[in-house]
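Me: I have this model open and would like to know what stands behind the words used to describe it. Please take me through them, one label at a time.

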Amino acid sequence: MYSDNELETLSKKLNKHLENQDKNWTSFIFSKNKKYYQSFLALNIDGERSTENRIKQYKLNSYLSHEKTALDIGCNSGFFSLIISDNLKKIDGVEINPFLIDMGNEVKQFINNTNCSFFVTSFEEYFSDKKYDLIFSLANDETIDGNTKFTFEEYIEKIFHLLLRNGILIFESQAADAYNKNKFKPKLEFLLEKFNILEERIVSSEYPINVPNRIFMILKKKT
Ligand SMILES: C[S@@+](CC[C@H](N)C(=O)[O-])C[C@H]1O[C@@H](n2cnc3c(N)ncnc32)[C@H](O)[C@@H]1O
């Protein structure tokens, strides 16, 4: 779909953003090895985690439609948002690391995407007067970079208020919760106060390598 020349030009532009990130981002970078956390294979971009496999495993088809709006919390370089946006009316991504958003916007422009918007902000400080049909919380409720300031309860409360009536939370656990079920138990109890579980399964994860599986849930806001 894209010529080698076009992809080469994009890769050079993205490398500049990666260099800026390396020089200027003082927090932990989640993808030192493969450079990107999320892959975007149609653009020859490999990542620590395969966006394409994740989307297959999440089985989201019945939750996505061109009438629906979504929010992606901690959207990283935005490749997940951009790929899934084909099946949505609109998706907003919020991410605290501005260099990742630069990469997302670079790719957004390259693919001529018009229904995806990225915001450089912490989720804690994100303000929206919109409410969403879907919210993605993927590997994000607690982050090892120390940049998540919300407690789990505050995080889930904010999601609850940002969701429309009957809204859906698509939740993938962060790394430590996947191998320590006891750690996840109080989180699950709190989730169940606010949401009903529609689907629950274990999905595979390539990163970090000591965490081969994660808990994945599709939850519906209680009314
Ligand atoms: C483990 S990565 C997960 C990325 C993405 N959600 C995914 O699953 O592909 C965590 C991301 O959250 C971002 N982040 C950390 N604290 C944040 C905060 N308070 N608000 C928004 N983003 C945050 C990090 O910069 C990083 O991109």
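Reply: Let's begin with P208, which is found in the loop between β6 and β7. Residues are numbered from 1 along each chain as its sequence is written. Please keep in mind that this is a predicted model, in which local features need pLDDT of at least 70, side-chain atom pairs count only at pLDDT 80 or more, and totals for chains, interfaces and linings use all residues.

Me: What makes the peptide bond from Y207 to P208 cis?

Reply: Its omega is near -10°, and the bond is cis. Most peptide bonds are trans, and most residues other than glycine have a negative phi.

Me: Which phi values are positive in K59 and in N76?

Reply: K59 has a phi near 50°, and N76 has one of about 60°; neither residue is a glycine. K59 lies in the loop between α2 (51–58) and β1 (69–73), while N76 is in the loop between β1 and α3 (79–84).

Me: Why is N76 called buried, and why is K59 called partly exposed?

Reply: The label rests on C-beta atoms placed from the backbone: 20 or more others within 10 Å make a residue buried, 12 or fewer make it exposed, and anything in between is partly exposed. N76 has 26 other C-beta atoms within 10 Å, so it is buried. K59 has 13, so it is partly exposed.

Me: How do you know that I135 is buried, and which residues is I135 in contact with?

Reply: I135, in strand β4, has 25 other C-beta atoms within 10 Å and therefore counts as buried. Leaving aside neighbours within four places in sequence, its contacts are A70, L71, I73, I159, L162, L163, G167 and L169 (a contact means C-beta atoms, placed from the backbone, within 7 Å). L71 is 64 residues away in sequence, yet the two C-alpha atoms are 4.8 Å apart.

Me: What makes β1 and β4 a pair?

Reply: Two strands pair if DSSP finds at least two bridges between them. Four bridges join β1 to β4, so the pair qualifies, and the two strands run parallel. L71 has I135 as its bridge partner in β4, and I135 also stands opposite L169 in β5.

Me: What makes β3 and β6 edge strands?

Reply: The open sheet has seven strands in the order β3-β2-β1-β4-β5-β7-β6, with mixed pairing. β3 (116–120) and β6 (195–204) each pair on one side only.

Me: Why are α1 and α4 called roughly antiparallel?

Reply: Axes are lines fitted to C-alpha atoms, for helices over the stretch in contact, and angles between N-to-C directions run from 0 to 180 degrees. Under 35 degrees counts as roughly parallel, over 145 as roughly antiparallel, 65 to 115 as roughly perpendicular, and the rest as oblique. The axes of α1 (residues 4–24) and α4 (residues 98–110) come within 9 Å and cross at roughly 170°, so the two helices are roughly antiparallel. Residues making the contact include L10 and L14 of α1 and F99 and M103 of α4.

Conventions: Two residues are in contact if their C-beta atoms, placed from the backbone, lie within 7 Å.
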